[in-house]
Amino acid sequence: MDWSKVGSNRLLIISHGLEGDSNRHYVKGLVKLFNQQQIDVMVWNNRTCGGEINDLPILYHHGASYDLDTSIQYVLKTGAYTDIYLTGISMGGAQTLKYLGEKSSDLPQEIKKAAVYSTPCNLPSSAATLKLKSNTFYKKRFLGKLKKKIAAKASQFPELINLELLEKVQDFDSFDTLFTAKLHGFKDAADFYQSVSADNWMKDISIPTLIINAKNDPLLGPECYPIELAKEKPEIYLEMPDRGGHTGFLLKGNEFTWAELRLLEFLIGKN
């Protein structure tokens, strides 16, 4: 957990994206923006994403809301904050939405609002985009980093991980079936994607929650835009800009992105 404090009783908690960490540019932008508004910020690093490999066989995944919950419980025990806001980017957004739905009526009263962007609300739909030739860059980037972490895990738990199989992995379906699913207790990749998908829980979200997913996001399939749910559920605010790509939303001549400024407006201003 990395902190940037300005002496506030309000706190923003950030959940980063796949193979990200507290040092990512989209995290730093939010930290600076909210600190300028006299709001403390805490960024939690998913297991293996904070610069060191954790000691257990498991890593992290899109449904690891239990680690977000652990981080929130730690914050609450400090007693320092009366108002807490949650935000997540990409995978971190999915973890945040899942957490909010799981907690529902039991959500800590200190948590007032949430906002996420570039978020795979439906994980099977998002995972399918990584099979597209146009997304080869993303597939190679993410898969390469994850394979290195699995290799590191193999040195810790050689009885659980077959490095010969790892060398043959060329796509996410095989990686998630052979490693993610096995290490985290799922049948295969398809079972993993469906079981942890945030939209299984989003209908139970109980606080104002903004979802920003650009229409031209290459990593979001059609089911990642919960249009009908947003129409039926007043707590969910869905915004679908024409442009923005995946975690983009750049503004000419502005150090902050449109998404960062919109999150600030939603979380501490009026809806």
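Buried means under 20% relative accessible area, exposed means over 50%, and partly exposed lies in between (1.4 Å probe, protein chains only). This is a predicted model, in which local features need pLDDT of at least 70 and side-chain atom pairs count only at pLDDT 80 or more, while totals for chains, interfaces and linings use all residues. Residues are numbered from 1 along each chain as its sequence is written, and side-chain values use heavy atoms, with hydrogens and water left out.

A salt bridge is taken as a side-chain nitrogen of Lys or Arg within 4 Å of a carboxyl oxygen of Asp or Glu; by this rule the count is 12.

| Asp-67 | Arg-47 | 2.6 Å |

Helices (H or I, at least four residues) and strands (E, at least two) are DSSP runs, numbered from the N terminus. Asp-67 belongs to helix H2 (residues 65-78) and Arg-47 to the loop between strand S3 (40-44) and H2, so this pair ties together parts 20 residues apart in sequence. Asp-67 is buried at 12% relative accessibility, whereas Arg-47 is partly exposed at 23%.

Glu-102 and Lys-98 are 4 residues apart in helix H3 (residues 91-103), a separation of about one helical turn. Lys-98 is buried at 7% relative accessibility, and Glu-102 is partly exposed at 36%.

Asp-173 lies in helix H7 (residues 172-184) and Lys-131 in the loop between helix H4 (123-129) and helix H5 (136-156), so the pair ties together parts 42 residues apart in sequence. Asp-173 is partly exposed at 30% relative accessibility; Lys-131, at 60%, is exposed.
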